[in-house]
Amino acid sequence: MSPVVLTVQRDILAESRAAAAEFRSEMARRGTLVVQLLSSPGSGKTSLLEATARYWQGRYKFAVLVGDLETDRDAQRLAPYVPAVQLTTGGACHLELPLVKRGLAALPAETWDFLFIENVGNLVCPASHDLGEHLRVILLSVPEGDDKPGKYPKAFRTSQALVVSKADLLPYVPFSVEAAIADARRIQPDLAVCTVSSVRGEGIAEWCAYLEASRSSLWESTHAAAPPR
Amino acid sequence: MHETGLVQSLLRQVSELANRQGASCVQEIEIEIGVLAGVEPLLVESAFARLVQGGDSFEKNNPAARLDLRSARLMMRSVPLGGVCRDCHREFNLPNLDLLCPSCGSRALRLTRGEAFRLLSITLNDAPQTAESPL
């Protein structure tokens, strides 16, 4: 019998993309802006969330799902500020939606204004997996070097915002903020940018204003009105 | 390193399609890997070789499915970045990852290819001749 060619033409991740899109719409209906933070290990994702909590001082209700291979150290660090659930992947290099949903179910049953998902520190694999977030934010800390965007293009390409972190170290390391931004925008021209120092609080007001504006526009597009606050 | 999970997902889809066609043997699996798919072809190749050797079912809901994938060839097609410029409206292919319109230099580009990881076709060698596209 002669071979039969079956034309398929289908995205291999179609199923998980559809599930992520559904999660995104559901969270939008609830008025929750879902923000995924992506970066290498040690770029300051948890510190940025601590600084965010200090800045908002309870003005917004938010929670954090934090992914790591092992330990609940990040969840413990965040616990004094906000409800946080640790997602341990047991060796896997990135989070996937089912793990995020399990984490959300483990949080107090509240209506959150923001849900942050701190992915496993890794600029490679997380870039290919949609977690149902509305906003993907990539952090690049200045000790890492301003040449990273071009070296990890997929992570920068799929992000909507770049946070240049640890800006207080700029006097001590050879890092050009302009060069890093230009390199990132070669691959993602629409990238929004904030430069912050989480330990000193510099740039945190701009970062929080960006989050608030993003939540307002999500709310307006979902509910055809401004958010109630 | 997430290629193993991606190849498992690919093999599950191939297995379901082949079973629906009543085939028990797959000769070739053709996939597209965009240069910005975030998927490494070499790792896909080694994950594929390792996974098909087991001869296990890849279908969660049909653990009895015994599709023979051991002789299947994997054809990988690399796809460069391409799309349409939002300023000059010309179509383009990019030789690298610098998103710059080759005609007018604009950065306002809409990419239409080069970011996907897709199953293009499968070749079954003992299916009924009336096999139709599943979609």
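## Strand pairing

Two strands pair if DSSP finds at least two bridges between them. In this predicted model, strand β2 (residues 33-38) of chain A is joined to strand β6 (residues 135-141) of chain A by 4 bridges, and the two strands run parallel. Within β6(A), A:Leu135 is the residue that stands opposite A:Val35.

## The sheet

Chain A contains an open sheet of 7 strands, whose pairing is parallel and whose order is β4-β3-β5-β2-β6-β7-β8. At its edges lie β4 (84-88) and β8 (192-195) of chain A, each of which pairs on one side only. From one strand to the next, the twist averages 20 degrees.

Helix α2 (residues 45-56) of chain A packs on this sheet. The strands of chain A that α2 touches are β2, β3 (62-68), β5 (114-118), β6 and β7 (161-165). The direction of α2 makes about 160 degrees with that of β5(A).

## Packing of α2 against α8

Helix α8 (residues 204-223) of chain A also packs with α2(A), at an angle of about 85 degrees and with the axes 10 Å apart. Angles of 65 to 115 degrees count as roughly perpendicular, and α2(A) and α8(A) are therefore roughly perpendicular to each other.

On the α2(A) side, the contact involves A:Leu48, A:Ala51, A:Thr52, A:Tyr55 and A:Trp56. These residues meet A:Ile204, A:Ala205, A:Trp207, A:Cys208, A:Leu211 and A:Glu212 in α8(A). Classified by residue type, the contact between α2(A) and α8(A) has 9 nonpolar, 1 polar and 1 charged residues.

Terms used. Residues numbered from 1 in each chain as written. Chains lettered and ligands numbered in written order. Predicted model: local features only at pLDDT ≥ 70, side-chain atom pairs only at ≥ 80, totals over all residues. Heavy atoms only, no water. Axes fitted to C-alpha atoms, helices over the stretch in contact; angles between N-to-C directions. Contact = heavy atoms within 4.5 Å. Parallel < 35°, antiparallel > 145°, perpendicular 65-115°, else oblique. Nonpolar A, V, L, I, M, F, W, Y, C, P; charged D, E, K, R; others polar.
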